[in-house]
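Subject: Structure handover

Hello,

Here is the structure for you to look at. Please open it alongside this message. My notes follow below.

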Amino acid sequence: MRIGNTLILGVVCVIVFTVSGCVGPEIKQKAGKPAEYEDPGTAGAASGVGMESQDLIGMTDKMARDMLANPLLAAAPSPPRVIIDAEFFINESSTRIDKNMITDRLRIELNRAASGRMRFVGRQNVAMVEKERQLKREGVVTKGVKYAEKTTGADYRLTGRITTIDHLEKSSGTAARFTQIAFEMIDLETAEIVWGGLYEFKKSAADDVIYR
């Protein structure tokens, strides 16, 4: 009889707790914020001391203008063939950076603005090109409009290095970072540096922003 009463009491308690919401303190969830488009050329709502979209856009625009002002690159009698990719672009900074974002934007904007004054070689696409060339030469597919004796070589190749100096003020928790991005164009026959450019900026912030 005692067991039966205990069971009934337990069932009643469960019902009461469920109905009255007495199972524990009410958990309030913070309302989310809907996504908003931001101008990538300006600092956004979430910003830190690392490289961000406005830095990348400003940097690649400046480097493209500087290259187009160099007579060896943009005023040669025969347009030079240039490789711009991330293979020899080194990140030694304390920030995780997708180097392809820098070189891709620089190459595309420079190719568009050069209007034939510079020619661009996609060395990262050699395997794809050689596969198609082999199919043509084996007669598996037609020759197409162009039929080159060899894959195009390059005259110059972009190299670069990203470095930083970090400082943390413990009393205020303010972090500061100086970032330097160095660009150099190398002659692929002589190893001469035919052009160089620097992009630098320094930022400080009290709040941590995680760069993934």
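Which residues does W195 touch, not counting residues up to four places away in sequence? The list is M63, D66, M67, N70, L73, L158, F183, E184 and M185. Keep in mind that this is a predicted model.

**Overall layout**

The protein has 212 residues. It contains five helices and six strands. Along the sequence they run α-α-α-β-β-α-β-α-β-β-β. Buried residues make up 27% of the protein. The exposed surface comes to about 14,800 Å², with 56% of it supplied by carbon and sulfur atoms. Take the contacts between residues at least 6 apart in sequence: 65% of them join residues at least 24 apart.

**Helix α2**

Helix α2 covers residues 53-68. Its length checks out: 16 residues at 1.5 Å a residue should span 22 Å, and the end C-alpha atoms are 23 Å apart, which agrees. Its buried residues are Q54, D55, L56, M59, T60, M63, A64, M67 and L68. Two of these, M63 and M67, are touched by W195. What do the buried residues of α2 pack against? They pack against two helices, α3 (71-74) and α4 (99-114). They also pack against the strands β4 (156-169), β5 (174-187) and β6 (193-205).

**The strands**

Follow β4 through its pairings. β4 pairs with β1 (residues 81-83) in the parallel sense, over two bridges. There, I83 has R157 of β4 as its bridge partner. β4 also pairs with β2 (residues 89-91), again in the parallel sense, over three bridges. In that pairing, N91 has I162 of β4 as its bridge partner.

β4 and β5 pair in the antiparallel sense, over 14 bridges. I162 turns up here too: its bridge partner in β5 is I181. β4 and β5 form a hairpin, with four residues between them. In the turn, G173 has a positive phi of about 75°.

One general point for when you inspect side chains: in a regular strand they alternate between the two faces of the sheet.

**Two backbone angles to look at**

S115 is not a glycine, yet its phi is positive, near 50°. Where does S115 lie? It is in the loop between α4 and β3 (119-120). Is S115 buried or exposed? Its relative accessibility is 63%, and exposed means over 50%, so S115 counts as exposed.

A191 has a positive phi as well, about 70°, and it is not a glycine either. A191 sits in the loop between β5 and β6. With a relative accessible area of 56%, A191 is exposed.

**Where to start**

Begin at W195 and go through its contacts, including L158 and F183. Finish with the β4 and β5 hairpin.

Best wishes

Methods
Residues numbered from 1 in each chain as written. Predicted model: local features only at pLDDT ≥ 70, side-chain atom pairs only at ≥ 80, totals over all residues. Heavy atoms only, no water. Buried < 20%, exposed > 50% of the residue type's maximum accessible area, 1.4 Å probe, protein only. Contact = heavy atoms within 4.5 Å. Areas by Shrake-Rupley, 256 points an atom, 1.4 Å probe, with all protein chains shown as cover. Expected span 1.5 Å × (residues − 1). Pairing = 2+ DSSP bridges.
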